[in-house]
Structures are given as structure tokens and as C-alpha cells.
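Me: Hi! I have a structure open and would like to talk through some side-chain contacts. Could you take a look with me?

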Amino acid sequence: MTKMKPATLLFTIFKYVMLILASIVALVPVVVCIITAFKTTDEYNTTRVLDLPKSFLYFENFTIAFEKARMLNGFLNTAIVLVVVLTVSVFVGSMLAYVLNRFQFKGNAIIQNLFMFASLIPGIATQVTVYQIMYSLGFINHLYGYMIVLMGTDIISIYIFLQFFENLPVSLDESAIMDGCTYFGVFFRILFPLLKPAIMTSLVLKGVSVYNEYYMSNLYLQLPQLRTISTALYTFTGPYGNQYNYICAGVLITIIPILLFFLVFQKQIYSGMAAGAVKG
């Protein structure tokens, strides 16, 4: 057994210490959330954050959070938003990337640079103007208005598809066109099926972003019946204090669908992300 050099040993120790610290930082909020979710209101008010609850079989917090926050309605609204936004984003992003990559025209480079420039602007900095536009169009407190805003901020997906198209040979297009295929046929019959890794990558990134989106949902969907799952727990906040035991219970409920989805489709997600990274 060979001895490690002092420098290598120190680096290894430092590496594992940093990994342990990073794990603690990542896991402590989750552990605190789980502990708090099972505490009664009296327990939460009289115990410390990391004190264990009397019982991990106390599920009343989950029932109250689910019913009082109307989480079922929040899940339905979120599901509608996810299906529409992800479907439109994939088709619009892939078709736009196809045009920008396969066709050379005046302004092509300018458009791509403008997309890059837009991605550098913080979204919060444009919300005053966006809100004025949404208000003037009557899109406030409507799911379709909120979905339009989310679909209009999908620059990352466009660049994912652009990078993927760079690795698809133009000879595929030329062969299909010589066989009498139209440009739409080339895209939908030849190229779109080859975009599965890029589509999966885009769906994962965009889906997580939409599911967790809070700011715009809270800003544009102010009616209780229009709340998404990310804003449903706003019910337990107020000027006289926040009911964190109910909030934590609701947070655990919101994690369940994503966790189940990941466990069922983890192979497809990993393969799609890996293939997208290689192609990019």
C-alpha cells in the first residue's frame, strides 16, 4: 500500500471536509422542514427548531395544509400551466432553433445575439414594464396570461436546441428535400424525433422552473382560485405571524409529485441530460 504525499493527503482531507459541509448545508433545511411538519402548534411555539416532535404519526398538519390552502386546486392549476407551457416551449423553441440554425438570412446573427442579451437581463428588472403590458391587455388574474409570460421567457431552451442542431448534419435535410419532403416535413419527420435528448433536457429545466415559480405567480394570479401550488401556502402567512408547521407540511406535500415523477422516469431523465450534454 503506497503512502500518499502530504499535499495529496491535505487536498483529500479538504475535499471531503467541503463535501461534508456542503451536504450539511443542503440537508439541514430539509431535516428542519420534516421535523417542523410533524409538530403541533404548541410544540412549534415552545420547542427549538431541531427538537424532535413527540410523534411522527401526527398528520393533522398535512390535512389542514391540504384543505385550508386548497392545494388540490393549486395542483390542478399548476398541471394545466405545466402541460401548456412545456408543450408550446418545446415546439416553439425547437422550430425557432431550426430556422436560426438551418437558414441563413439577414439579421440571423443579430437575432441570436439579442437572445443572448435578453438572457443577461434580470427578469425582475423588466417586471414593471411587463406588468403594465399585462394590465393593458387584460391578462391579470387569468391563467392564459400567466402562461404567455412563462412561454415568453424560454431563452435557455432555444440555446439547448441550437446547440443540438449544430451536431445534426445538414445532409439529412438535403436528402429529405431531394426525396420531395417540405421544410415542415424535414423538421417534424426527420429532425424532431432526433431531438429527444434535447427535449428531455429542456423539459426538466423548464419544468422545474415553472413548478417552483413563485414571484410571477404571486404577482399575476392574485385570486385564491387561481393560485398555483407554489403560492397556495401563502395562506399561512400574515401580518401577525407565519404558521410554519402548516407551511412545512404543505412543502412536503408539494415535493411528493416531483419525487414520484423522478423515481418513475429517472432513467429517461439521466439519459436525456447526459445525451444532451454530449451533443451540446
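Predicted model: local features only at pLDDT ≥ 70, side-chain atom pairs only at ≥ 80, totals over all residues.

Me: Which residue does Arg48 meet in a salt bridge?

Reply: That would be Asp51, with 3.5 Å from N to O between the two side chains.

Me: And is Arg48 buried or exposed?

Reply: Arg48 counts as exposed, because its relative accessibility is 63% and the cut-off for exposed is over 50%.

Me: OK, what does Arg102 form a salt bridge with?

Reply: With Asp173, and the closest N and O atoms are 2.9 Å apart. This pair links distant parts of the chain: Arg102 is in helix α4 (residues 71-102) and Asp173 is in helix α9 (residues 171-178), 71 residues apart.

Me: Are Arg102 and Asp173 buried or exposed?

Reply: Both Arg102 and Asp173 are buried.

Me: Changing topic to rings. How many aromatic pairs does the count come to?

Reply: The count comes to 16 aromatic pairs. One of them joins Tyr98 and Phe165 in a tilted arrangement, 6.0 Å centre to centre with 45° between the planes.

Me: Where do Tyr98 and Phe165 lie?

Reply: Tyr98 lies in helix α4 and Phe165 in helix α8 (residues 155-165), so their pair ties together parts that are 67 residues apart in sequence.

Me: Why does Tyr98 count as buried?

Reply: Because its relative accessibility is 5%, and buried means under 20%. Phe165 is buried too, with a relative accessible area of 0%.

Me: What about Tyr98 and Phe187, what kind of aromatic pair do they form?

Reply: A tilted one: the centres are 5.3 Å apart, with 45° between the planes. Here Tyr98 in helix α4 is linked to Phe187 in helix α10 (residues 183-191), 89 residues apart.

Me: Is Phe187 buried or exposed?

Reply: Phe187 is buried, at a relative accessible area of 2%.

Me: Last one: which residues do ring pairs link into a cluster with Tyr98?

Reply: Ring pairs link Tyr98 into a cluster with Phe91, Phe103, Phe165, Tyr183, Phe187, Phe188 and Phe192. Both partners we talked about, Phe165 and Phe187, are in that cluster.

Conventions:
Residues numbered from 1 in each chain as written. Heavy atoms only, no water. Salt bridge = Lys/Arg side-chain N within 4 Å of Asp/Glu carboxyl O. Buried < 20%, exposed > 50% of the residue type's maximum accessible area, 1.4 Å probe, protein only. Helix = DSSP H or I, 4+ residues; strand = E, 2+ residues; numbered from the N terminus. Phe/Tyr/Trp six-rings, centres within 6.5 Å; stacked < 30°, edge-to-face > 60°.
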